[in-house]
Amino acid sequence: MCEPLEALTIDVPQEFMGTVMENLGQRKAELTNMVELAGYLRMEFVIPARGLIGFRAQFLTATKGNGIMNHVFHGYAPYKGEIPSRTRGALVAFENGETTPYGLNSVQDRGTLFVGPNQDVYAGQVIGENTRELDMDVNPCKKKHVTNMRSSSSDEAVRLTPPRIFSLEQALEWINDDELVEVTPESIRMRKTILDRNARAKAAKNKK
């Protein structure tokens, strides 16, 4: 089986060479040429087209905005193997509803949020990244119980970390094989292929 390749050219200050080469090595890139140009290094690679998904944002971060990259179609070659995916699980909403500050506050201790308060979510939607390897079902729509002794308005203000916002390219890189990216005119969301958590657990058990 063959896959498309891209010819990638990168200009970076020498101090960022190691980080860039390490990142590209994980993406199955092969260095074909390297020359020095006025304090910059120009590196030329051949890389699977799929290896470039999500790389631009990573490249800009790694070079602090000082790098330049461009790529063109190079040809086809035998499949170069799997590119390592993320090592952390997903935080998955297990019911439909609107997110609440109280619900998100209990979830954010378990990882990084992808949604903010007062947003509609549905069962099976990925609403964050777990700090651990496995997926976790969570309830970002949970509401605080109001009693005669304590009202919701009397509680301390909830402080939420701003959610991580994905571009389409970043979302495509982030998902695993059992996840999908959902694009609408207003948002980019990630979800499990199987939305029902019981059906998802059954499918995972059968896969083993």
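Glu3 and Arg50 form a salt bridge in this predicted model, with the closest N and O atoms 2.5 Å apart. A salt bridge is a side-chain nitrogen of Lys or Arg within 4 Å of a carboxyl oxygen of Asp or Glu. Glu3 lies in strand 1 (residues 2-13), and Arg50 lies in the loop between strand 3 (40-48) and helix 2 (55-62), so the pair ties together parts that are 47 residues apart in sequence. Helices (H or I, at least four residues) and strands (E, at least two) are DSSP runs, numbered from the N terminus. Glu3 has a relative accessibility of 6% and counts as buried. Arg50 is partly exposed, at 27%. Buried means under 20% relative accessible area, exposed means over 50%, and partly exposed lies in between (1.4 Å probe, protein chains only).

Residues are numbered from 1 along each chain as its sequence is written. The model is predicted, so local features need pLDDT of at least 70 and side-chain atom pairs count only at pLDDT 80 or more, while totals for chains, interfaces and linings use all residues; side-chain values use heavy atoms, with hydrogens and water left out.

The structure holds 11 salt bridges. Side chains of opposite charge can pair when their charged atoms come close. Lys80 and Glu30 provide another case, with their closest N and O atoms 3.2 Å apart. This pair links distant parts of the chain, 50 residues apart. Lys80 sits in the loop between strand 4 (68-78) and strand 5 (90-93), and Glu30 sits in strand 2 (residues 30-37). Lys80 is partly exposed, with a relative accessible area of 25%. Glu30 is partly exposed as well, at 46%.

A further salt bridge joins Lys192 to Asp178, at 3.1 Å from N to O. Lys192 belongs to strand 12 (residues 188-192), while Asp178 belongs to the loop between helix 4 (168-174) and strand 11 (179-183). Lys192 is buried, at 1% relative accessibility. Asp178 is partly exposed, at 36%. Both residues belong to a network of salt bridges that also includes Arg86, Asp135 and Glu179.

The charges were also examined across the whole protein. There are 26 positive and 27 negative side chains. Lys and Arg count as positive and Asp and Glu as negative; His and the chain ends are not counted. The centres of the two sets lie 7 Å apart. Each charge is placed at NZ of Lys, CZ of Arg, CG of Asp or CD of Glu.

The overall fold comes next. The protein has 5 helices and 12 strands. Its radius of gyration is 21 Å, well over the 17 Å that the globule rule gives for 208 residues, so the protein is more spread out than a compact globule. This radius is taken over C-alpha atoms, and the globule rule is 2.2 Å times the number of residues to the power 0.38. Along the principal axes, the C-alpha atoms fill a box of roughly 75 × 45 × 30 Å. Buried residues make up 35% of the 208 residues. The protein exposes about 13000 Å², and carbon and sulfur atoms supply 50% of this area. Accessible areas come from the Shrake-Rupley method with a 1.4 Å probe; for residues, only the protein chains shown count as cover. Among contacts between residues at least 6 apart in sequence, 68% join residues at least 24 apart. Contact means heavy atoms within 4.5 Å.

Backbone angles were then considered. Most residues other than glycine have a negative phi. Lys28 is not a glycine, yet its phi is positive, at about 70°. Lys28 is placed in the loop between helix 1 (17-26) and strand 2. Its relative accessible area is 28%, which makes Lys28 partly exposed. Ala38 also has a positive phi, near 50°. Ala38 occupies the loop between strand 2 and strand 3. At 83% relative accessibility, Ala38 is exposed.

Two further residues show local surroundings. Val115 lies in the loop between strand 7 (111-113) and strand 8 (120-121). Val115 is buried, at 5% relative accessibility. Not counting residues up to four places away in sequence, Val115 touches Thr99, Leu104, Gln125, Ile127 and Pro163. The C-alpha atoms of Val115 and Thr99 are separated by 8.2 Å. Thr112 is part of strand 7. Thr112 is partly exposed, at 34%. Beyond its neighbours within four places in sequence, Thr112 is in contact with Leu91, Ile127, Gly128, Glu129 and Arg164.
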